[in-house]
Amino acid sequence: MLNIVLFGPPGAGKGTQSLNLMEKYSLVHLSTGDILRGEVSAKTELGLKAKALMDTGNLVPDEIVIGMINNKLEDNKSAKGFIFDGFPRTQAQAEALDDLLKEKSTSISKMLALAVNDAELIKRLLLRGKDSGRADDANEEIITNRINNYNNQTAPLIDFYKAQNKFVAIDGVGSLEEISGRLSEAIDA
Ligand code: ADP
């Protein structure tokens with residue numbers, strides 16, 4: 001199986017690039033952000049709990065997202081592999097993912113980390129906010145909170161995957177084609 005963690009700060013382009021990779025390598029795309037937004041629009045109990053945290057740019061509790069990923073792995077038993085987008089975001093999530101994959105006799109192949117500077121991230125997210133309707137893209141204060149949460153809670157996972165020799169840094173600034181080329185090159189290497 002080919003199991004890719006597509007990593008990077010909010011606005012790095014994980015969602016856009018995931019769609020390319022999903023087609024090119026026939027992988028199942030699992031975005032915890034998309035799954036959570038689905039729960040919010042369906043007004044499920046989980047969605048109601050998650051909404052306030054998401055709208056202010058804070059992480060939802062680990063057990064919620066780990067449970068969601070577990071369900072999706074179960075639903076896609078015949079998948080050739082997965083792209084994890086926006087997951088894991090904490091040490092507990094990364095450890096849980098390793099355990100879940102181990103139960104299925106597989107593991108993460110690579111962690112591809114898109115690197116984009118903060119000024120570019122803020123610019124992209126404010127632009128997206130103009131038509132995404134996402135409350136967390138609407139103002140710079142919330143965007144900065146998301147970037148700070150990324151730096152504090154999520155960026156340390158780079159060391160987690162480095163220790164497993166799975167970390168690959170990818171320059172996330174350039175055209176969509178350039179970036180997808182860099183990602184494919186790293187996967188094929
Ligand atoms: P972005 O990468 O642009 O922040 P996402 O769609 O990945 O967008 O995430 C949106 C929000 O959903 C996050 O700010 C957070 O509140 C919640 N979320 C998504 N994935 C996770 C996760 N793995 N752990 C905790 N919260 C998450």
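**Entry 1: helix α5**

I looked up what covers the buried residues of α5 in this predicted model, and the cover includes β1 (2-7), α4 (62-75), β3 (81-85) and α8 (157-162). The buried residues themselves are Q93, A94, A96, L97, L100 and L101. I then viewed α5 down its axis: these buried residues fall within an arc of 165 degrees, so they line one face of the helix. On the face turned away from that buried side I found the exposed residues K102 and E103.

I also checked the length of α5. The helix runs over residues 91-103, which makes 13 residues. From first to last C-alpha, α5 reaches 19 Å, close to the 18 Å expected at 1.5 Å a residue. Just after α5, I noted that S105 has a positive phi of about 55 degrees.

**Entry 2: the ligand**

For K14, a side-chain N or O atom is 3.1 Å from an oxygen atom of the ligand. I then looked up the area: the ligand exposes 550 Å² when taken alone, and the protein buries 96% of that.

**Entry 3: S18**

S18 lies in helix α1, residues 14-25. Is S18 buried or exposed? I found its relative accessibility to be 0%, and the cut-off for buried is under 20%, so S18 counts as buried. Leaving aside residues up to four places away in sequence, S18 touches L6, H29, I83 and D85.

**Entry 4: helix α6**

I repeated the helix checks on α6, which spans residues 118-132 and has 15 residues. Its reach from first to last C-alpha is 20 Å, close to the expected 21 Å at 1.5 Å a residue. Which residues of α6 are buried? I listed E120, L121, I122, L125 and G129. They pack against α7 (140-154). After α6 comes G133, and I noted its positive phi, near 70 degrees.

Notes:
Residues numbered from 1 in each chain as written. Predicted model: local features only at pLDDT ≥ 70, side-chain atom pairs only at ≥ 80, totals over all residues. Heavy atoms only, no water. Helix = DSSP H or I, 4+ residues; strand = E, 2+ residues; numbered from the N terminus. Expected span 1.5 Å × (residues − 1). Buried < 20%, exposed > 50% of the residue type's maximum accessible area, 1.4 Å probe, protein only. Contact = heavy atoms within 4.5 Å. Polar contact = N/O pair within 3.5 Å; in protein donor to acceptor, adjacent residues only side chain to side chain. Areas by Shrake-Rupley, 256 points an atom, 1.4 Å probe, with all protein chains shown as cover. Arc of directions from axis to C-beta.
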